[in-house]
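Good morning, and thank you for coming. I would ask everyone to look at the structure on the screen while I speak.

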Amino acid sequence: MYDIDRRGIVEMVQRIDAWLKRIGAKKLWISFDVDSLDPFLAPGTGTAVRGGLTYREMHVMGEMLHELLQNPGSKYSLAGLDVVEINPIVDTNNATAKTAVEWIASLFGKTILGRSEPLP
């Protein structure tokens, strides 16, 4: 979160992409730990800590990962995905599970606000 707070989620995903390219990664296994989210979004987790990823940061990250995987010039393929640290016993009205499913939808191409043309 230190780097995300200072650099922003977009730059951090770009840095991860650059690192993956440098090491020659071809297949990605994405593990999404829901306790990385602010507990307002994910109250049903094992280690809820205030100040985690926001709703928008979570979706921007998912959408950017989707773009990396779908880019025609991409060398990546998705080998697998896991979503961990959901604890339904302490969840509130399945909020955490719903949030996780929304993030998975972003990873597979759903956008939260749609795409717009870049500014000139």
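Strand β1 supplies the largest share of the lining of the largest pocket, namely six residues. Please bear in mind that this is a predicted model. In total, 19 residues line the largest pocket, and the elements that each give two or more of them are α1 (2–7), α2, β1 and α3 (55–70). Val13, Ile16, Ile30, Met61 and Leu65 are the lining residues that lie nearest the centre of the pocket. The space inside the largest pocket comes to about 390 Å³. What classes of residue make up the lining of the largest pocket? There are 15 nonpolar residues, together with two polar and two charged ones.

The structure holds one aromatic pair. Its members are phenylalanine 32 and tryptophan 103, whose ring centres are 4.1 Å apart and whose planes meet at 10 degrees, so the pair counts as stacked. Because phenylalanine 32 belongs to strand β1 (residues 27–33) and tryptophan 103 to helix α4 (residues 95–107), the pair ties together parts that are 71 residues apart in sequence. Phenylalanine 32 is buried, at 4% relative accessibility, and tryptophan 103 is buried as well, at 0%.

My last topic is aspartate 17, in helix α2 (residues 9–23). Is aspartate 17 buried or exposed? Its relative accessibility is 12%, so aspartate 17 counts as buried, the cut-off for buried being under 20%. Leaving aside residues up to four places away in sequence, aspartate 17 touches Leu68 and Tyr76. With the side chain of tyrosine 76, the side chain of aspartate 17 makes a polar contact at 2.7 Å.

Thank you for your attention.

Notes:
Residues are numbered from 1 along each chain as its sequence is written. This is a predicted model: local features need pLDDT of at least 70, side-chain atom pairs count only at pLDDT 80 or more; totals for chains, interfaces and linings use all residues. Side-chain values use heavy atoms; hydrogens and water are left out. Helices (H or I, at least four residues) and strands (E, at least two) are DSSP runs, numbered from the N terminus. Buried means under 20% relative accessible area, exposed over 50%, partly exposed in between (1.4 Å probe, protein chains only). A polar contact is a pair of N or O atoms within 3.5 Å; within protein, one must be able to donate a hydrogen and the other to accept it, and residues adjacent in sequence count only if both atoms are side-chain atoms. Contact means heavy atoms within 4.5 Å. Rings of Phe, Tyr and Trp (its six-membered ring) pair if their centres lie within 6.5 Å; planes under 30 degrees apart count as stacked, over 60 as edge-to-face and the rest as tilted. On a 1 Å grid over the protein atoms alone, a cavity is a set of points where a 1.4 Å probe fits but cannot get out, and a pocket is an open set with protein on both sides within 12 Å along at least five of seven lines; lining residues have an atom within 4 Å of a point. Grid points are joined across faces, edges and corners, and a volume is the space filled by probe spheres set on the points. Ala, Val, Leu, Ile, Met, Phe, Trp, Tyr, Cys and Pro count as nonpolar, Asp, Glu, Lys and Arg as charged, and the others, Gly among them, as polar.
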